[in-house]
Amino acid sequence: MMNIDEIFTEWDKDSKIDRTELGKESLEIPKLHNKYYRIYINEKMRLIKQESNLKQLLALRHDFYSGNIDNETLKELGWWDEWEKIGRRTILKTEIPRYLESDQLIIDQQLKIATQKEKVGLLDSIIKSLVSRGFNIKAAIEFAKFQSGA
């Protein structure tokens, strides 16, 4: 798993094109595409998993706030102390959305998802850049030919 800064660091190295070796750079495109597409797929799968985790967490926290969760599950999840703090009271159904919106566990998971979406978006942008890279190199080669009078 890479963080956003690590992806930027890799792309900073890989995005440079040696104008004196355009042919070689052109041949590197499939290798770079493979590299970033692998990272993209892994990060996309992490995003899907995190979104799934959020749905499960929302259901569990809803059960927690509505009082529909057993003591063993509360202890298993490490929520027993929290349950004790709110006084083991059942929260009104109309209040549950407010509790869910401000629930720190849910907020933390939503932040993970937002970060993951940014990584996936960055990788998508890199892959699109690699697709156009071949055209840019071809244009640079054509320009070099034009300058040399060919």
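**Exercise 1: Salt bridges along a helix**

The side chains of Lys128 and Asp124 meet in a salt bridge, 3.3 Å from N to O. Work out how these two residues are placed in their helix and how exposed each of them is.

*Solution.* Before starting, note that this is a predicted model: local features need pLDDT of at least 70, side-chain atom pairs count only at pLDDT 80 or more, and totals for chains, interfaces and linings use all residues. Residues are numbered from 1 along each chain as its sequence is written, and side-chain values use heavy atoms, with hydrogens and water left out.

Step 1. A salt bridge is a side-chain nitrogen of Lys or Arg within 4 Å of a carboxyl oxygen of Asp or Glu.

Step 2. Lys128 and Asp124 are four residues apart in helix α6, so about one helical turn separates them. Helices here are DSSP runs (H or I, at least four residues), numbered from the N terminus.

Step 3. Lys128 is exposed, because its relative accessible area is 55%, while Asp124, with 28%, is partly exposed. The cut-offs are under 20% for buried, over 50% for exposed and in between for partly exposed (1.4 Å probe, protein chains only).

Step 4. Elsewhere, salt bridges that share partners join Glu10, Lys13, Asp14 and Lys35 into one network. Within it, Glu10 and Lys13 meet at 3.0 Å, N to O; both lie in helix α1 (residues 4–14), three residues apart, about one turn of the helix.

**Exercise 2: A bridge between distant parts**

Which parts of the chain does the salt bridge of Arg61 and Asp103 link?

*Solution.* Step 1. The side chains of Arg61 and Asp103 meet at 2.6 Å, N to O.

Step 1. Arg61 is in helix α2 and Asp103 in the loop between α5 (96–101) and α6, 42 residues apart, so the pair links distant parts of the chain.

Step 2. Both Arg61 and Asp103 are buried.

**Exercise 3: Aromatic pairs**

Describe how the ring of Phe64 pairs with the rings of Tyr65 and Trp83.

*Solution.* Step 1. The whole structure holds six aromatic pairs. Rings of Phe, Tyr and Trp (its six-membered ring) pair if their centres lie within 6.5 Å; planes under 30 degrees apart count as stacked, over 60 as edge-to-face and the rest as tilted.

Step 1. Phe64 and Tyr65 have ring centres 5.1 Å apart and planes at 75 degrees, so this pair is edge-to-face.

Step 2. For Phe64 and Trp83 the centres are 5.4 Å apart and the planes at 65 degrees, so that pair is edge-to-face too. Phe64 lies in helix α2 and Trp83 in helix α4 (residues 80–85), so the pair ties together parts that are 19 residues apart in sequence.

Step 3. Phe64 is buried at 0% relative accessibility, Tyr65 is buried at 6%, and Trp83 is buried at 7%.

Step 4. Ring pairs link Phe64, Tyr65, Trp79, Trp83 and Tyr99 into a cluster.

**Exercise 4: A lysine under cover**

Is Lys119 buried or exposed?

*Solution.* Step 1. Lys119 lies in helix α6 (residues 104–147).

Step 1. Its relative accessibility is 4%, so Lys119 counts as buried.
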